[in-house]
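Here are some exercises to work through with the model open beside you. Try each task before you read its solution.

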Amino acid sequence: MPSTHEFKYQWSRLSDLSALQVHQLLQARTSVFVIEQQCIYLDADEYDLVAWHLIAWAGDKIAACLRVIGPGEKYAEASIGRVLTRSEYRGTGLGKQLMSEGLQRLSAQFPETNVRISAQAYLQRFYESFGFAVSSAPYLEDDIPHVEMLLIQPQG
């Protein structure tokens, strides 16, 4: 298994990915969010078309990924979602590296915007480690407990 520094990051719009890469991305997300979490919902949605996708590649396989949605598309703020690390790469620090890379790319793409996420409640501490703070009461999304969290970015 590669160490976290051996992953190659790709920051792309869906339309800039090859058909094979889109298939791999949607397959990775379905394997985690639908199959592993036993949650029947439509993972591929309209936000994929306007999002930036950050993919961590281990050779020709997706090890981790997330998507960034710009301000005004889903929330007033920018948003990060569909964050996943494939099971074989969990516990390596890749999730933290992916999130750090995603926040850096988001800040470069959308300077001085705050970031709102809909986080699975069990990951609250993970996101708090990046400066996010809970901004809602717990709620169910697709029968999974979630909380909204907000990261206030430095201005100017």
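**Exercise 1. Find the element that holds L98, and work out which residues L98 touches.**

Solution. The model is a predicted one, so keep that in mind as you go.
- Step 1: L98 sits in helix α2.
- Step 2: Its relative accessible area is 0%, so L98 is buried.
- Step 3: Setting aside residues up to four places away in sequence, L98 touches Y9, L54, A56, A64, C65, L66, V83 and L84.

**Exercise 2. Decide whether L84 is buried or exposed, then list its contacts.**

Solution. 
- Step 1: Look for L84 in strand β4.
- Step 2: L84 has 3% relative accessibility, and buried means under 20%, so L84 counts as buried.
- Step 3: Beyond its neighbours within four places in sequence, L84 is in contact with A28, R29, V32, F33, A64, C65 and L98.
- Step 4: For a distance check, take L84 and M99, which are 15 residues apart along the chain; their C-alpha atoms are separated by 9.7 Å.

**Exercise 3. Count the aromatic pairs, and classify F7 with Y89 and W11 with W52.**

Solution. 
- Step 1: The count comes to 5 aromatic pairs.
- Step 2: For F7 and Y89, the ring centres are 5.5 Å apart and the planes meet at 80°, so this pair is edge-to-face.
- Step 3: The pair links distant parts of the chain, 82 residues apart: F7 is in the segment before β1 (8–13), and Y89 is in the loop between β4 and α2. Both F7 and Y89 are buried.
- Step 4: For W11 and W52, the ring centres are 5.3 Å apart and the planes are at 10°, so this pair is stacked.
- Step 5: W11 belongs to strand β1 and W52 to strand β2 (residues 52–58), so the pair ties together parts 41 residues apart in sequence. W11 counts as buried at 17% relative accessibility, and W52 counts as buried at 15%.
- Step 6: Finally, ring pairs link F126, Y127, F130 and F132 into a cluster.

**Exercise 4. Describe the largest pocket: its volume, its lining and the elements that supply it.**

Solution. 
- Step 1: The volume of the largest pocket is about 850 Å³.
- Step 2: Its lining has 38 residues, and those closest to the centre are F33, V83, Q120, L123 and Y127.
- Step 3: Sorted by class, the lining of the largest pocket has 18 nonpolar, 11 polar and 9 charged residues.
- Step 4: Elements that each supply at least two lining residues include α1 (19–36), β3 (61–69), α2 (94–109) and β8 (144–151).
- Step 5: The largest share of the lining, 7 residues, comes from β4.

How values were computed. Residues numbered from 1 in each chain as written. Predicted model: local features only at pLDDT ≥ 70, side-chain atom pairs only at ≥ 80, totals over all residues. Heavy atoms only, no water. 1 Å grid on protein atoms, 1.4 Å probe; cavity = no way out; pocket = protein on both sides within 12 Å on 5 of 7 lines; lining within 4 Å. Points joined across faces, edges and corners; volume = space filled by probe spheres on them. Helix = DSSP H or I, 4+ residues; strand = E, 2+ residues; numbered from the N terminus. Nonpolar A, V, L, I, M, F, W, Y, C, P; charged D, E, K, R; others polar. Buried < 20%, exposed > 50% of the residue type's maximum accessible area, 1.4 Å probe, protein only. Contact = heavy atoms within 4.5 Å. Phe/Tyr/Trp six-rings, centres within 6.5 Å; stacked < 30°, edge-to-face > 60°.
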